[in-house]
Amino acid sequence: MTNNRADTSFRSSSHPTRRGIVASGVMVSGAAAQSSTSLTIPEAVSGSLTVNGTRHAFMLDPRTTLVDLLREHLDLTGTKKGCDQGQCGACTVLIDGRRVNSCLTFAVMYDGAQITTIEGLAANRALHPLQQAFIDHDAFQCGYCTPGQICSAAGLIAEGRAKTAEDIRELMSGNICRCGAYTNIVAAIQQVMGRS
Ligand code: FES
Ligand code: FES
């Protein structure tokens, strides 16, 4: 899980985003209610994350979610944003080896952590066994959910709790596939678990 990219640093972008527009709406509401309360949000917070083996120093709006950091600041668009509210699993990445919905995670919460995205799973120019198994079992159609499914499956296998196909279905239930490729996804995971 290494790559050759040098350490980088980045700052919050200045162009308005949907999240920024929503945030500014929150601040206007706060100003309107100033007679009863005041709201102070720090403009930027510094820290660093190691993403797929490359350390990135950051200066970010503390409300920046991890999925937005990955996609909008680091151009790692393999991680998908589906629902943006923790219900579909498309945004699943590994934080220090544990699977997490990155749309529900503020990047600054994990200062110093190791993040693995779908781009970081392959090693030595070879696909990760789960990537190969998804191909072998035709475990996708449109592919939108696939990065999250594969990252979640990597976390599932590391957890060691799944023993049966039913366990896999239960423990992968947070990853939705609108194309209904569930049977093949379970078969792919079983292949990697050596239980096919
Ligand atoms: S985009 Fe994060 S769970 Fe749906
Ligand atoms: S392959 Fe299309 S959503 Fe899963």
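Modeller: Here are some questions and answers about this chain, and keep in mind that the model is predicted.

Colleague: What share of the contacts with a separation of 6 or more is between residues 24 or more positions apart?

Modeller: The chain has 196 residues, and 36% of them are buried. As for the contacts with a separation of 6 or more, the share from residues 24 or more positions apart is 62%.

Colleague: On to the strands. Do β2 and β3 run parallel or antiparallel?

Modeller: β2 covers residues 45–51 and β3 covers residues 54–60, with 7 bridges joining them. Ser46 sits opposite Met59, and Gly47 has Phe58 as its bridge partner. Going up in β2 goes with going down in β3 in those pairs, and the sense of the pairing is antiparallel.

Colleague: Which residue in that hairpin takes a positive phi?

Modeller: The hairpin of β2 and β3 has 2 residues between the strands. One of them has a phi near 50°, and that residue is Asn52.

Colleague: β2 also pairs with β6. Which residue of β6 is the bridge partner of Val51?

Modeller: β2 and β6 pair over 2 bridges, in the parallel sense. For Val51, the partner in β6 is Ile115.

Colleague: In which sense does α3 cross α4, and how do the contact residues divide by class?

Modeller: The crossing of α3 past α4 is right-handed. On the α3 side the contact uses Leu130, Gln131 and Phe134, and on the α4 side Thr146, Ile150, Ala153 and Ala154. By class, that contact comes out as 5 nonpolar, 2 polar and no charged.

Colleague: α3 packs against α6 as well. Why does oblique apply there too?

Modeller: α6 spans residues 182–193, and its axis lies 8 Å from that of α3, at an angle of about 135°. Since roughly antiparallel needs an angle over 145, the label for α3 against α6 is oblique.

Colleague: How many charged residues does the contact of α3 with α6 have?

Modeller: α3 passes α6 in a right-handed crossing. Pro129, Leu130, Ala133, Phe134 and Asp136 of α3 meet Ala188, Gln191 and Val192 of α6. Sorted by class there are 6 nonpolar and 1 polar, and the number of charged residues is 1.

Colleague: What about α2: which of its residues are buried, and which residue with a positive phi follows it?

Modeller: α2 runs over residues 66–73, and the buried ones include Leu66, Val67, Asp68, Leu69 and Leu70. After α2 comes a residue with a positive phi near 60°, Asp75.

Colleague: Is Asp96 buried or exposed?

Modeller: Asp96 belongs to the loop between β4 (92–95) and β5 (98–101). Its phi is positive, about 50°, and it is not a glycine. Asp96 has 12 other C-beta atoms within 10 Å, and because the cut-off is 12 or fewer, it counts as exposed.

Colleague: And Asn124, how many C-beta neighbours does it have inside 10 Å?

Modeller: Asn124 lies in the loop between β6 (114–116) and α3. Its phi, near 55°, is also positive. Asn124 counts as exposed, and its number of C-beta neighbours inside 10 Å is 6.

Colleague: Last one, Gly78. How far is its C-alpha atom from that of Gly148?

Modeller: Gly78 is in the loop between α2 and β4, and with 18 C-beta neighbours inside 10 Å it is partly exposed. Leaving out residues up to four places away in sequence, Gly78 touches Thr117, Ile118, Glu119 and Pro147. Gly78 and Gly148 are 70 residues apart along the chain, yet the separation of their C-alpha atoms is 8.9 Å.

Methods: Residues are numbered from 1 along each chain as its sequence is written. Chains are lettered from A and ligands numbered from 1 in the order in which they are written. This is a predicted model: local features need pLDDT of at least 70, side-chain atom pairs count only at pLDDT 80 or more; totals for chains, interfaces and linings use all residues. Two strands pair if DSSP finds at least two bridges between them. Helices (H or I, at least four residues) and strands (E, at least two) are DSSP runs, numbered from the N terminus. A crossing is left-handed if the near helix is turned anticlockwise from the far one by less than a right angle, and right-handed if clockwise. Two residues are in contact if their C-beta atoms, placed from the backbone, lie within 7 Å. Ala, Val, Leu, Ile, Met, Phe, Trp, Tyr, Cys and Pro count as nonpolar, Asp, Glu, Lys and Arg as charged, and the others, Gly among them, as polar. A residue is buried if 20 or more other C-beta atoms lie within 10 Å of its own, exposed if 12 or fewer, and partly exposed in between; C-beta atoms are placed from the backbone. Axes are lines fitted to C-alpha atoms, for helices over the stretch in contact, and angles run from 0 to 180 degrees between N-to-C directions. Angles under 35 degrees count as roughly parallel, over 145 as roughly antiparallel, 65 to 115 as roughly perpendicular and the rest as oblique.
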